[in-house]
Amino acid sequence: MKTAIVTDTNSGISAEEARQRGIHLISMPFTIDGQTYLEGKDCTPTMFFQKLRAGARISTSQPAPEEITSLWERLLQDHDAVLHFPMSAGLSGSCQTAKALAREYEDRVVVVDDHRIAVTLAQSIYNAQTLLDQGKTAHEVRDILEQEKDESSIYIAVNTVEYLKKSGRITAAGAAMAAVLHIKPVLQIQGGKLDAYKKVRGMVQAKKTLLTALSHDLSTRFSGKKMAIFSGYSGDDLSVGQQWQREVQAAFPRHAVGLISLPLSICCHIGDGAVGVACAKQW
């Protein structure tokens with residue numbers, strides 16, 4: 001069977017990588033001061049972070065259903081099936097929307113809900129391509145990936161609590177106290193939800209916490225499994241991401257550590273200057 005793969009920019013996959021890998025990419029919409037922009041098209045990271053730093057009102061949205069279904073219908077003209085990879089249902093309603101739309105396509109559109117976002121979602125897509133190359137059907141691929149939904153881990157150290165306050169994840173009093181004490185929240189994504197992990201003082205300690213947490217996961221939950229490791233950052237300064245990648249690589253010398261710019265849907269909540277680490281099962 002010939003199967004097409006569809007995802008959106010919440011995967012962290014760039015337009016160029018999508019073209020190279022044969023992945024069909026949907027740009028996620030953002031509303032900035034009342035105007036709608038599309039990630040990777042008219043909403044570049046540079047523009048996004050300039051607006052964010054200037055105090056613009058930014059909110060995330062979902063692609064129009066017609067945009068999704070028109071892409072599926074075009075692909076189904078010369079494919080037997082479509083594998084659609086939205087971000088985790090625990091972080092957005094886009095997964096449930098896709099599942100509802102897919103019911104009209106008589107099992108030719110298969111939606112994967114494997115509780116992933118950013119680079120762990122991207123790794124699921126790479127795994128899907130490997131499984132398809134092995135002769136698996138779209139439904140078999142979905143079942144395998146959903147069974148392995150917990151085979152990933154993300155930790156993020158937040159440099160500023162301003163945006164967590166704006167999104168209601170911490171109170172104004174808590175944000176003020178964090179600023180005075182230089183407290184940096186460390187967040188985690190396990191099972192598709194963004195939750196608190198630890199609070200530490202200063203980014204140096206926050207980075208150490210990230211590396212320790214990931215090392216613990218690799219030696220316990222994921223011991224003996226083939227795992228891909230990634231570093232990530234928020235902002236428009238690539239050198240910040242590259243420096244963090246070198247630090248993560250030094251901590252895990254037996255792995256080839258990848259680097260991604262965190263999706264803007266996450267950056268809305270964590271702001272500029274955050275860094276993260278992640279791992280995901282690799283086929």
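## Aromatic pairs, cores and hairpins

Searching the whole structure turns up four aromatic pairs. For the ground rules, rings of Phe, Tyr and Trp (its six-membered ring) pair if their centres lie within 6.5 Å, with planes under 30 degrees apart called stacked, over 60 edge-to-face and the rest tilted. In general, a pair of aromatic rings is described by the distance of the centres and the angle of the planes.

A word on the model before going on: it is predicted, so local features need pLDDT of at least 70 and side-chain atom pairs count only at pLDDT 80 or more, while totals for chains, interfaces and linings use all residues. Residues are numbered from 1 along each chain as its sequence is written, and side-chain values use heavy atoms, with hydrogens and water left out.

| Pair | Centre to centre | Between the planes |
|---|---|---|
| Phe30 and Phe48 | 5.8 Å | 70 degrees |
| Phe48 and Phe49 | 5.1 Å | 85 degrees |

Phe30 sits in strand β3 and Phe48 in helix α2, so their pair ties together parts that are 18 residues apart in sequence. (Helices, H or I with at least four residues, and strands, E with at least two, are DSSP runs numbered from the N terminus.) Together, Phe30, Phe48 and Phe49 make one aromatic cluster. Phe30 counts as buried at 1% relative accessibility, and Phe48 does too, at 0%; Phe49 is likewise buried. Buried here means under 20% relative accessible area, exposed means over 50%, and partly exposed is in between (1.4 Å probe, protein chains only).

Phe48 also turns up in the largest nonpolar core. That core has 32 residues, and Phe48, Ile58 and Ile270 touch the most other members. The elements giving two or more residues to this core are β3 (29-32), α2 (45-53), α5 (118-133), β8 (152-157), β9 (183-190), β11 (227-233) and α11 (264-270). Helix α11 gives the most, with five residues. Apart from this core lies another, of 22 residues, among them Val200, Leu214, Trp244 and Cys279. The term covers buried Ala, Val, Leu, Ile, Met, Phe, Trp, Tyr and Cys residues joined through side-chain atoms within 4.5 Å. As a general background note, nonpolar side chains tend to be buried together in soluble globular proteins.

What is Ile58 in contact with, leaving aside its neighbours within four places in sequence? The list runs to Phe30, Thr31, Ile32, Phe48, Lys51, Leu52 and Cys268, where contact means heavy atoms within 4.5 Å.

β3 is joined by four bridges to strand β4 (residues 35-38), and the two run antiparallel. Ile32 has Gln35 as its bridge partner in β4. These two strands form a hairpin with two residues between them, and Asp33 in the turn has a positive phi of about 50 degrees. β3 also pairs with strand β5 (residues 58-60), again in the antiparallel sense, over three bridges, and Thr31 stands opposite Ser59 there. Strands pair if DSSP finds at least two bridges between them.

Another hairpin comes from β9 and β10. Strand β10 (residues 193-201) pairs with β9 in the antiparallel sense over eight bridges, with Leu194 as the bridge partner of Ile189. There are two residues between the strands of this hairpin, and Gly191 takes a positive phi near 70 degrees.

What about the cysteines? The structure holds zero disulfides, a disulfide being a pair of cysteine sulfur atoms within 2.5 Å. For Cys43, the nearest cysteine sulfur is that of Cys268, 8.4 Å away. Cys43 is buried, with a relative accessible area of 1%. For Cys279, the nearest cysteine sulfur belongs to Cys267, 20 Å away, and Cys279 is buried at 0%.

A few other spots are worth a look. The charged end of Arg21 sits over the ring of Tyr126, 3.8 Å from its centre; the test is NZ of Lys or CZ of Arg within 6 Å of the ring centre and within 35 degrees of the ring normal. Is Glu66 buried or exposed? Glu66, found in helix α3 (residues 65-75), counts as exposed at 55% relative accessibility. Its C-alpha atom is separated by 9.7 Å from that of Leu101, 35 residues apart along the chain. Ser94, in helix α4 (residues 94-102), is buried, with a relative accessible area of 7%. Leaving aside neighbours within four places in sequence, Ser94 is in contact with Gln62, Pro86 and Met87.
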